[in-house]
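This report concerns a predicted model. Please consult the sequence and structure shown here.

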Amino acid sequence: MANYLKAFERLMGDEGIVLTDTPHDRGGQTFAGVTRKNHPDWQGWKYIDAGSLPPIDMVRNFYGEYWHRVRGDEIISQRVAEVLFGQHVNMGANAIKLMQQALNVIADGVVGPKTLNALNAMDEEILLMRYSLANLARYHAIGMKDKTQRRFWPGWISRALSICK
């Protein structure tokens, strides 16, 4: 079964343990992937507002909930678990819906028994290729709907293509 600590390490490699405040980023100020707009009550902001960095354990504990929502401990493939977890951090329940579409199960945004069984039964390479394509299509649609978001396409495309690596 997949391991959360390994998945967290990969996530931090993708997100970076840095503070950003990129213009036009809908999440606003972001630290290690945690957006102030979506998580204003996260305790790590107290450290940042005081001019220091929050302890890494605080970040790891925060992301534990994301791991549980994708039922990462029940996913056989570490690679699939890491990808789904990382995308869930990036786009919330939409990441689960895209995975469900790749699996051809009902896309309700919840990893239930049917999704988990399908996820563990499908060939890893085929699943990740389908999931990568679904993510590319979503990122494209976001940019087509809102031109200000197109500046993020290069990073998003890189993220979606890295699913297959």
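## Largest pocket

The volume of the largest pocket is about 1200 Å³. Its lining is formed by 44 residues, of which E15, D25, N90, W156 and R159 are the closest to the centre. Two or more lining residues are given by each of α1 (4-15), β3 (34-35), α3 (56-69), α4 (78-91), α7 (124-145) and α8 (153-162).

Helix α4 supplies the largest share of this lining, namely eight residues. By residue class, the lining of the largest pocket comprises 19 polar, 14 nonpolar and 11 charged residues.

## Packing of α4 and α5

On the α4 side, the contact involves V80, L84, Q87, H88 and M91, which meet A93, N94, A95, I96, L98 and M99 of α5. The residues of this contact are eight nonpolar and three polar, with no charged residue.

## Aromatic pairs

The count of aromatic pairs comes to 14. One of them joins W67 and F85, whose ring centres are 5.4 Å apart and whose planes lie at 85°, so the pair is edge-to-face, given that planes over 60 degrees apart count as such.

Because W67 belongs to helix α3 and F85 to helix α4, this pair ties together parts that are 18 residues apart in sequence.

Terms used: Residues are numbered from 1 along each chain as its sequence is written. This is a predicted model: local features need pLDDT of at least 70, side-chain atom pairs count only at pLDDT 80 or more; totals for chains, interfaces and linings use all residues. Side-chain values use heavy atoms; hydrogens and water are left out. On a 1 Å grid over the protein atoms alone, a cavity is a set of points where a 1.4 Å probe fits but cannot get out, and a pocket is an open set with protein on both sides within 12 Å along at least five of seven lines; lining residues have an atom within 4 Å of a point. Grid points are joined across faces, edges and corners, and a volume is the space filled by probe spheres set on the points. Helices (H or I, at least four residues) and strands (E, at least two) are DSSP runs, numbered from the N terminus. Ala, Val, Leu, Ile, Met, Phe, Trp, Tyr, Cys and Pro count as nonpolar, Asp, Glu, Lys and Arg as charged, and the others, Gly among them, as polar. Contact means heavy atoms within 4.5 Å. Rings of Phe, Tyr and Trp (its six-membered ring) pair if their centres lie within 6.5 Å; planes under 30 degrees apart count as stacked, over 60 as edge-to-face and the rest as tilted.
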